[in-house]
Amino acid sequence: MLTRIKTQQLFSATDTKDDCLVSFGSYRGSKYESTATDAFRTSGETIGNKCLIQSKWMRVAQHQVQTLDNNHNQEMKVIDDWLWIDYHDRINVLVQDPDSSLDNPSFLILKQTKYALSSQESLAVVGGIIESGEEAVEAAKREVGEELHVTCNSWTPLGTYRTDVNRGMGWVHPFLARDCNYSKQVKSTVEQNAGESNSDVGEPDTEEQNIQSMTLSDVKASVMSQQFVEVQWSNTVALAMLHLA
């Protein structure tokens, strides 16, 4: 027996193209669908994927998901209104200050505001979108060079994490970068705002960013006192602190 859970049905038998109901531009990132194998692990199989709205940044879709109904003797059910967000995968990097040693490290930390934080300031790490064809570590090196004018010799991947397990929002790849040097550009540029990108989805931040050097103990205290307000930043810093412990 198949149970159906739905609100407004937007699917049709001809939903094979990615024509969105509303479009502000073309989303060129990855699009997620779950397979039939996943359905038998109770996570569900995507049997419909209707684009509702898209821009170059993201794609909001109505998924139709078939999954096991644990409340009805393991029968299958269909959920017709599973809202899903496809978003570009991203990197975050905690970068060692080139003026510090491996034995006594300090780190380059951003202090900035963001639209979703209203007027609240937050500490932050280098972050950015993985461009088409890039590996995560390549994107991390590019973003660190663009934002801090720094190159690093030691790169430690700290895992891969889904932003939201129910709604998507892409994957985040945190890194710890050590044994760093300033590039050939003037060293004082580290105190200026972050860099530039030629990609239409890797544009520089519009908010003001101030870069400061913080000791290892200060970074630990700051992440524990919730001064890295975004979960991606706090996750990256906390994982780095565990790695260095």
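Select Trp155 first: leaving aside its neighbours within four places in sequence, this residue is in contact with Val93, Val137, Ala140, Lys141, Val144, Phe175, Leu176 and Ala177, where contact means heavy atoms within 4.5 Å. The model is predicted, so local features need pLDDT of at least 70 and side-chain atom pairs count only at pLDDT 80 or more, while totals for chains, interfaces and linings use all residues. Residues are numbered from 1 along each chain as its sequence is written, and side-chain values use heavy atoms, with hydrogens and water left out.

**Around Trp155**

Trp155 belongs to strand S10; helices (H or I, at least four residues) and strands (E, at least two) are DSSP runs numbered from the N terminus. With a relative accessible area of 17%, Trp155 is buried. Buried means under 20% relative accessible area, exposed over 50%, and partly exposed in between, computed with a 1.4 Å probe on protein chains only.

Next, display the backbone of Cys152. Its oxygen lies 2.9 Å from a polar atom of the Trp155 side chain. Such a polar contact is a pair of N or O atoms within 3.5 Å; within protein, one must be able to donate a hydrogen and the other to accept it, and residues adjacent in sequence count only if both atoms are side-chain atoms.

Which cysteines are bonded to each other? A search of the whole structure finds 2 disulfides, a disulfide being a pair of cysteine sulfur atoms within 2.5 Å. Numbering the bonded cysteines of the protein in sequence order gives the pairing 1-2, 3-4.

Select Cys152 and Cys180, which form a disulfide with their sulfur atoms 2.1 Å apart. This pair links distant parts of the chain: Cys152 is in strand S10 (residues 150-157) and Cys180 in strand S12 (residues 168-182), 28 residues apart. The torsion about their S-S bond is about 100°, so the disulfide is right-handed. Cys152 is buried, at a relative accessible area of 11%, and Cys180 also counts as buried, at 5%.

Move to Cys20 and Cys51, whose sulfur atoms are 1.6 Å apart in a disulfide. Distant parts of the chain are linked here as well: Cys20 sits in the loop between strand S1 (2-5) and strand S2 (22-23), and Cys51 in strand S3 (residues 45-54), 31 residues apart. Because the torsion about the S-S bond of Cys20 and Cys51 is about 55°, the disulfide is right-handed. Both Cys20 and Cys51 are buried.

**The aromatic pairs**

How many aromatic pairs does a search of the whole structure find? The search finds 2. Rings of Phe, Tyr and Trp (its six-membered ring) pair if their centres lie within 6.5 Å; planes under 30 degrees apart count as stacked, over 60 as edge-to-face and the rest as tilted.

Select Tyr32 and Trp84: their ring centres are 4.9 Å apart and their planes meet at 25°, so the pair is stacked. Tyr32 lies in the loop between S2 and helix H1 (36-39) and Trp84 in strand S5 (residues 75-87), so the pair ties together parts that are 52 residues apart in sequence. Tyr32 is partly exposed, with a relative accessible area of 33%, whereas Trp84, at 5%, counts as buried.

Trp155 lies in strand S10 and Phe175 in strand S12, so the pair ties together parts 20 residues apart in sequence. Phe175, at 5% relative accessibility, counts as buried.

Select Val93 and Val95. Of the 35 residues in the largest nonpolar core, these two touch the most other members. Helix H2 (residues 136-148) gives the most to this core, with 5 residues. A nonpolar core is a set of buried Ala, Val, Leu, Ile, Met, Phe, Trp, Tyr and Cys residues joined through side-chain atoms within 4.5 Å. Beyond its neighbours within four places in sequence, Val95 has contacts including Phe107, Leu148, Cys152 and Cys180.

Finally, select strand S7 (residues 106-113), where 6 of the 8 residues are buried. Strands pair if DSSP finds at least two bridges between them. Strand S6 (residues 90-96) runs antiparallel to S7 and is joined to it by 2 bridges; the bridge partner of Val95 in S7 is Leu108. S7 also pairs with strand S13 (residues 209-215) in the antiparallel sense over 7 bridges, with Asn210 as the S13 partner of Lys111. Antiparallel strand S8 (residues 121-124) is joined to S7 by 4 bridges, and Leu110 stands opposite Ala124 in S8.
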